[in-house]
Amino acid sequence: MAQNSYGPGVRMGNWNEDIYLEEELMKDFLEKRDKGQLLIQRNRRLKENLLRPMQLSVSEDGYVHNGDSVMLVNPDHPEAEADLFLSGDLSLCLTLDEIRAHLSDTFKGPCGLSAAPTKIPVGRNTFIILSADTVATGEVLRYGQNFRLGTTGGFEDKMLYLTSDHRTLLKSSKRSWLQEVYLTDEVSYRNCWQAAFSDPQLRLEHEGFPVPANTKILINHCHTNRGLAAHRHLFLRTYFGKEAEVAAHTHLDSHRVEKPRNHWMLVTGSPRKGSCPVPDMRRPPVEDTRALEQAAGPGPSDTPGVLSPSVAS
């Protein structure tokens, strides 16, 4: 009577080849782990750079200067056109494509943008004010002056610029289908912006005066004359969670005044050590233009018998 002579310990098939394949896979895994090339290691390094704590520039005179590190914050306001929206102060943030973020430990342009409810300056929401003209670093930024907004994303050798261009059928914002805003490493006129006073009745009077820090202003695109806007009611699924869409579009109310969607603040650091930046700081209202003239230009003459232009008028 025939009996089955094969037991559990008998190897069948290409067992030797399977063993060698497992050894090669383990060897390849250990080699990538030692070199830091595993996907989880790349992902961890990318997160560490994008979420690296950054130091904002401290404004001693209350104004924004070329070369300052700031946060672009859209102040908190209720959204009247939607029931669901992100509340609180929203800061402009770099947003990566989720697939690209999992495959690489760095980022390349172009990259997207979003608005996130965070008040802590990190690599992805800290921007540097760069002059688009021949203005030295440290000079005061003025209303109507061209400037660029660049970000390093927490890296040392990276610089991407806030850019926008006309809307086309193939290129627009994801949710609102308006003019897209993105980050690119190409320096051109498409990444030039201007700051404008928030009150349209006093906008011409403030042209050429210094831009105050931590105060509501408008940021307009030079090439298309569209205002930077945060859409709190349009959500994006990003690598860091649910955030709001950012686009370039000027939203006007019935009085032809820009809506709070277009209001931004260039938030600087607090002069007190260890304290967080305060986005909701307010400067005292200016009753007339004489205070602005004294801040923008030289003071009144100290020579006896000589009156300043404001006094002589």
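In which elements of the chain is confidence lowest and highest? In this predicted model, the lowest confidence falls in helix α5 (residues 309-312), with a mean pLDDT of 39. Strand β9 (residues 217-221) has the highest, at 97. For the chain as a whole the mean pLDDT is 83, and 82% of its residues reach 70 or more.

Residues 280-296 make up one of them; beyond near neighbours in sequence, residues 280-296 have 23 contacts in the model. Over residues 298-313 the pLDDT also stays under 50, and the model shows 5 contacts beyond four places in sequence for that stretch. Where pLDDT is low, the predicted coordinates should not be read in detail.

**Aromatic rings**

The structure holds 2 aromatic pairs, listed here.

| Pair | Centre to centre | Angle between planes | Geometry |
|---|---|---|---|
| Tyr-143 and Phe-197 | 6.0 Å | 85° | edge-to-face |
| Tyr-239 and Phe-240 | 5.1 Å | 85° | edge-to-face |

Tyr-143 is in the loop between β4 (127-131) and β5 (147-151), while Phe-197 belongs to strand β8 (residues 193-197), so their pairing ties together parts that are 54 residues apart in sequence. Tyr-143 counts as buried because its relative accessibility is 4%, under the 20% cut-off. Phe-197 is buried as well, with a relative accessible area of 18%.

In the other pair, the planes of Tyr-239 and Phe-240 stand at 85°, which is over the 60 degrees needed for an edge-to-face arrangement. Tyr-239 is buried, at a relative accessible area of 13%, whereas Phe-240 is partly exposed, at 26%.

A further ring takes part in a contact with a charge. Lys-242 places its charged end over the ring of Phe-235, at 4.7 Å from the ring centre.

Is Glu-79 buried or exposed? Glu-79 is buried, as its relative accessible area is 8%. This residue is located in the loop between β1 (69-74) and β2 (90-95). Leaving aside residues up to four places away in sequence, Glu-79 touches Phe-85, Arg-232, His-233 and Arg-261. With Arg-261, the side chain of Glu-79 also makes a side-chain to side-chain polar contact of 2.5 Å.

Key
Residues are numbered from 1 along each chain as its sequence is written. This is a predicted model: local features need pLDDT of at least 70, side-chain atom pairs count only at pLDDT 80 or more; totals for chains, interfaces and linings use all residues. Side-chain values use heavy atoms; hydrogens and water are left out. Rings of Phe, Tyr and Trp (its six-membered ring) pair if their centres lie within 6.5 Å; planes under 30 degrees apart count as stacked, over 60 as edge-to-face and the rest as tilted. Helices (H or I, at least four residues) and strands (E, at least two) are DSSP runs, numbered from the N terminus. Buried means under 20% relative accessible area, exposed over 50%, partly exposed in between (1.4 Å probe, protein chains only). A charge sits over a ring if NZ of Lys or CZ of Arg is within 6 Å of the ring centre and within 35 degrees of the ring normal. pLDDT is the predictor's confidence in each residue, from 0 to 100. Contact means heavy atoms within 4.5 Å. A polar contact is a pair of N or O atoms within 3.5 Å; within protein, one must be able to donate a hydrogen and the other to accept it, and residues adjacent in sequence count only if both atoms are side-chain atoms.
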